[in-house]
Amino acid sequence: VRQKMVRNAMKARKFGLVLGTLGRQGNPAIVKHLEELCQAKGLEYVLVLISELTPAKIASIEGVEAWVQVACPRLSIDWGEGFTLPMLTPYEAEVALGGMTPWWEQGN
């Protein structure tokens, strides 16, 4: 399931970067790194600050083809299938944006 979401995100031309504002979950340095990766690849992105990430809130934002959430990793891993579009962790985004070798190719 995670590999399929990453592969789908590899085709995206516009990313949504979600910085969680609930407690201390979000990390602005990670978001900045993801912004730099998008810029280096010539991809559009939108930054969204949100306290509670839900499929309904994300679905209300149009034009984004893949999401990366910098808040709680469980949002992507445990509940990621509840989102219409790929909802990646920062690590998965790094893979999708070509910054790291995909885990399914490592060791081959």
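Reader: In which helix does R2 lie?

Author: R2 lies in helix α1; a helix is a DSSP run of H or I with at least four residues, a strand a run of E with at least two, both numbered from the N terminus. This is a predicted model, in which local features need pLDDT of at least 70, side-chain atom pairs count only at pLDDT 80 or more, and totals for chains, interfaces and linings use all residues. Residues are numbered from 1 along each chain as its sequence is written, and side-chain values use heavy atoms, with hydrogens and water left out.

Reader: Why is R2 called buried?

Author: The relative accessible area of R2 is 15%. Buried means under 20%, exposed over 50%, and partly exposed in between (1.4 Å probe, protein chains only), so R2 counts as buried.

Reader: Which residues of α1 are buried, and what puts them on the same side of the helix?

Author: In α1 (residues 2–9), the buried residues are R2, M5, V6 and A9. They cover an arc of only 100° around the axis, so they are on the same side of α1; the arc is taken from the directions from the helix axis to the C-beta atoms.

Reader: Where does A71 lie, and what makes A71 buried?

Author: A71 lies in the loop between β3 and α4 (73–77). The relative accessibility of A71 is 18%, so A71 counts as buried. Leaving out residues up to four places away in sequence, A71 touches G20, Q25 and G26, where contact means heavy atoms within 4.5 Å.

Reader: Which residues touch the most other members of the largest nonpolar core?

Author: Of its 21 residues, these are V6, A9, F15, L34, V68, L88 and L97. A nonpolar core is a set of buried Ala, Val, Leu, Ile, Met, Phe, Trp, Tyr and Cys residues joined through side-chain atoms within 4.5 Å. Helix α2 gives the most to this core, with 4 residues.

Reader: Which residues does a second, separate core include?

Author: That core has 9 residues, among them V48, I50, W67 and F83.
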